[in-house]
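These are my notes from one sitting with the model. I wrote down what I looked up, entry by entry.

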Amino acid sequence: MKIYSFMASLKWPASFQGKIFLVCFVSTHVPLLSLLAFFVVRSELGASLPVLGVATLATLLGTGLAFAAMAAMMEPIRRSGRALSDYLALGDFPDLPTDYADEAGQLMSNVQRAVATIDRQVGRLADVALSDDMTGVRNRRWLNEYGIPMFEDYRKAGKGFGLLVIDLDQFKSINDTYGHAVGDQVILATADVIGENIRATDHLVRTGGDEFCVLMPSASSSEVATVAERLRRAAGQSSGAAGLDHQVTVSIGAANLRRQDQGFLDTYRRADTFLYKAKQGGRNNAAIAS
């Protein structure tokens with residue numbers, strides 16, 4: 001590393017490739033400079049000019065060819081560096097060749113494998129960070145980082161968007177009567193039932209202990225009402241899945257994005273208001289904002 005450190009400290013040439021070329025240039029011209037010094041010392045420079053001319057031309061030609069070859073041989077290093085920079089800055093996954101056995105080929109192969117490993121690990125960490133620990137559905141962090149920005153994109157584009165707010169009825173009594181372990185099973189079963197009865201394009205989020213919401217991109221008011229009622233009817237399946245003889249029911253508040261809504265909270269609060277109306281209406285009910 002001492003020679004590299006010395007070369008790196010040079011102000012000119014600035015690039016790594018330039019420093020390699022400087023080393024090659026100096027080393028290839030040592031024979032020519034030695035020959036020139038020899039003739040100068042022996043006072044035979046005039047008679048030796050033709051020989052020196054041929055040697056100089058040959059050396060320059062060889063140097064040019066060596067520089068061209070060196071530039072080509074540096075390509076794996078350049079590609080590896082660009083691949084890492086593009087991945088770190090833009091998230092672009094590299095496509096480096098991995099079938100070369102020499103040191104430069106191993107560098108490209110190792111960079112490719114390292115980025116692939118990092119990308120998988122980052123993806124897994126992102127999934128963990130954005131998923132609810134118990135149910136595996138989306139969590140509040142996903143809602144804040146992805147769900148609400150998605151909603152805002154639809155709002156600004158003037159597209160439809162529906163929202164369901166779902167709450168398990170009398171969940172505290174289930175915990176008090178059967179224990180928290182059974183209560184957890186009810187939440188798991190309810191999440192499964194909701195996931196099985198929403199559209200493929202919808203997003204289920206657990207927002208609290210026994211509270212969920214469903215984001216419904218491009219949903220019309222009739223689609224929101226249909227899905228809400230389907231979920232209300234299907235909620236009872238959670239009882240059997242959790243091993244309960246107690247009938248599990250849910251209350252649902254539903255709302256669609258309105259033109260006058262200024263953001264996600266406007267729509268969410270309207271759906272939440274209708275959730276309370278569903279509770280006040282005797283539970284096991286879906287109240288749809290008109």
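Entry 1: I began with I252 and listed its contacts, leaving out neighbours within four places in sequence. A contact here means heavy atoms within 4.5 Å. I252 is in contact with L164, V165, I166, A228, L231, R232, F274, L275, A278, N285, A286 and A287. I note that this is a predicted model, in which local features need pLDDT of at least 70 and side-chain atom pairs count only at pLDDT 80 or more, while totals for chains, interfaces and linings use all residues. Residues are numbered from 1 along each chain as its sequence is written, and side-chain values use heavy atoms, with hydrogens and water left out.

I then looked up the largest nonpolar core, which has 26 residues. A nonpolar core is a set of buried Ala, Val, Leu, Ile, Met, Phe, Trp, Tyr and Cys residues joined through side-chain atoms within 4.5 Å. Buried means under 20% relative accessible area, exposed means over 50%, and partly exposed lies in between, with a 1.4 Å probe and protein chains only. The members that touch the most other members are L164, I166, I194, V214, L231 and I252. At least two core residues come from each of β1 (161–168), α7 (171–178), α8 (180–197), β3 (211–217), α9 (221–234) and β4 (250–256). Helices (H or I, at least four residues) and strands (E, at least two) are DSSP runs, numbered from the N terminus. There is also a second, separate core of 22 residues, and L163, F264, Y268 and A271 are included in it.

**Entry 2: strand β4.** How many residues of β4 are buried? I found 7 of its 7.

Next I checked the pairing, where two strands pair if DSSP finds at least two bridges between them. β1 and β4 run antiparallel and are joined by 7 bridges. V250 in β4 stands opposite L168. β4 and strand β5 (residues 286–288) run parallel, joined by 3 bridges. The bridge partner of I252 in β5 is A286. From β4 the chain crosses through helix α11 (residues 264–280) to β5, and this β-α-β crossover is left-handed. A crossover is called right-handed if, with the strands pointing away from the viewer, the path from the first strand over the helix to the second runs clockwise.

**Entry 3: T249.** T249 lies in the loop between α10 (237–241) and β4. Is T249 buried or exposed? T249 has a relative accessible area of 16%, so I put it down as buried. Its side chain and that of D169 are joined by a polar contact of 2.7 Å. A polar contact is a pair of N or O atoms within 3.5 Å; within protein, one must be able to donate a hydrogen and the other to accept it, and residues adjacent in sequence count only if both atoms are side-chain atoms. Leaving aside neighbours within four places in sequence, T249 is in contact with D167, L168, D169, A235 and N284.

**Entry 4: two positive phi values.** N284, in the loop between α11 and β5, has a positive phi near 45°, though it is not a glycine. With a relative accessible area of 34%, N284 is partly exposed. Q170 also has a positive phi without being a glycine, near 50°. Q170 sits in the loop between β1 and α7 and is partly exposed, at 47% relative accessibility.

**Entry 5: helix α7.** Which residues of α7 are buried? I found F171, I174 and N175. Seen down the axis of α7, the buried residues fall within an arc of 95°, so they line one face of the helix. That arc is taken from the directions from the helix axis to the C-beta atoms. The buried residues of α7 pack against β1 and α8. K172, D176 and T177 are exposed on the face turned away from the buried side. Just after α7, G179 takes a positive phi of about 100°.

**Entry 6: whole chain.** I counted 11 helices and 5 strands in the protein chain. Of its 290 residues, 39% are buried.
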